[in-house]
Amino acid sequence: MISTDDCPPLDAATRAALVTYLLAWADDELVLGHRDSEWTGFAPQIEEDVAFSSIAQDELGHATLLYRLVAELSDDDPDRLALRRPAADYRHAAVVERPNGDWAHTIARHYLYDLADACRTDVLCDSSYAALAGVARKMVREEHYHLMHHAVWWERLRDGTPESRARLADATRALLPPAVDLFGEMPSERVLVAVGIVPCPSGALLAEWCLHVQPLLSALDPDLLPLLESAPAPRHSRPVGQDFRALHAEMTAVSASGLGERW
Amino acid sequence: MAGKSTVPLDTLWAALRDVVDPEIPAVNVVDMGMVHRVEAAGDGRVTVEILPTFTGCPALDLIGRHVRERLEQEPGVAQVDVRFVFDPIWSTDRMTPEGRARLKGFGIAPAPISRGRPLAVLQAQPVACPFCGSTRTAIDNLFGPTPCRSLYHCLDCRNPFERFKAL
């Protein structure tokens, strides 16, 4: 369990808002981690097979931390939160559930996501809620390795061949609108911003993310730049699509088997 | 406050040196820098604060259980509470010199001192082969078989080897 003993008690409304916020983030990490793990045994190089398996493990590790913190705050069970909720209850952004597609799509999605995650974790390192700040500081250091990996691959694909460049541009074109939605305002986010638990609203993080993404797009295909100007859709429940229905069925299969699995 | 029946902290720290990461059995949790604080109360209750290493490490819960089970064997210990804490953050900089030496003996090159900037040191410093000591080495993969290791090979003795990632 993650200890919240040293944190001041939260009133019911703040606690509920924090649980909602953390759960959406945990779901992002869990779902993307499962997509990453789908490359195990299938990546285009043996090195990438190892890399994506390891990255998947890191993302699931981050999800575990967040589910444990949520469980502590809501007197729940982290395994239930991760693996025994109906598909309609998950709150991840749509971009992480998209099928992996080709290698360019995989790299573009992960790089855009990790840059967004870096913006989020950087500000949460200064959260007024000590347990959350600790978790964020923990993640930042591990994410350095992911960012370095994806930056190298982004450049290889961009500068490799006309085909790799075109595939990277096509993938990025498809991914930018749903990636912007990572910064959709969370329900009751304002309650958390007001007391410094979340030091910065999602809208301000979007502006920060755009500063990192703009030079990437300029060097790849400047026609992609206007896609950054779309307004993010707020994070709330949305209909469960076929892609996530299938992923949810797979990632919960062992838990649902009743064989008594443990993390 | 400590009463007469409080178990000496030295005894508890010594006992913790028997607990190892099952994937790196050469290095105990104290030399790994994972034990932040040990407290003993007069009624036999012991609290241990453990700093998790890599978040994706599946061994964490097992290590927590082994810490509890090992300390419960000490005379006078009635109950052990293992807490995972993130302040301070565990870093490879916390590994003791003895831990680093044992890691190298196990065939894993220790991480360089990172001071919170692991990638800067990764690019700046040559990596010594844990088998022959040569610094003519090349990285094959930033990622390895566990979340804590990268893959290298030595251009002189030709051995592949792993290196603990700086965190």
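Figure 1. His105(A) belongs to helix H5 of chain A, where helices (H or I, at least four residues) and strands (E, at least two) are DSSP runs numbered from the N terminus. His105(A) counts as buried because its relative accessibility is 9%; buried means under 20% relative accessible area, exposed over 50%, and partly exposed in between (1.4 Å probe, protein chains only). Leaving aside residues up to four places away in sequence, His105(A) touches Arg98(A), Pro99(A), Asn100(A), Ala171(A) and Leu175(A), contact being heavy atoms within 4.5 Å. The model is predicted, so local features need pLDDT of at least 70 and side-chain atom pairs count only at pLDDT 80 or more, whereas totals for chains, interfaces and linings use all residues. Residues are numbered from 1 along each chain as its sequence is written, chains are lettered from A and ligands numbered from 1 in the order in which they are written, and side-chain values use heavy atoms, with hydrogens and water left out.

**Figure 2. The largest nonpolar core.** A nonpolar core is a set of buried Ala, Val, Leu, Ile, Met, Phe, Trp, Tyr and Cys residues joined through side-chain atoms within 4.5 Å. The largest has 88 residues, and Leu18(A) and Trp209(A) are among those with the most contacts inside it. Helix H5 of chain A (residues 103-124) gives the most to this core, with 13 residues. Not counting residues up to four places away in sequence, Leu18(A) touches Leu10(A), Leu73(A), Tyr129(A), Leu132(A), Leu192(A) and Ile197(A).

**Figure 3. The salt bridge between chain A and chain B.** Between these chains the count is one salt bridge, that is, a side-chain nitrogen of Lys or Arg within 4 Å of a carboxyl oxygen of Asp or Glu. Its partners are Arg68(A) and Asp61(B), whose side chains meet at 2.7 Å, N to O. On the side of chain A that touches chain B, helix H2 (46-74) and helix H6 (130-159) of chain A each supply at least two residues.

Figure 4. Most residues other than glycine have a negative phi, and most peptide bonds are trans. Asp75(A), although not a glycine, has a positive phi of about 55 degrees. Asp75(A) lies in the loop between H2 and helix H3 (78-83) of chain A, and is exposed because its relative accessible area is 74%. In chain B, a cis peptide bond with omega of about 5 degrees joins Asp87(B) and Pro88(B). Pro88(B) is found in the loop between strand S5 (79-84) and helix H3 (97-105) of chain B.
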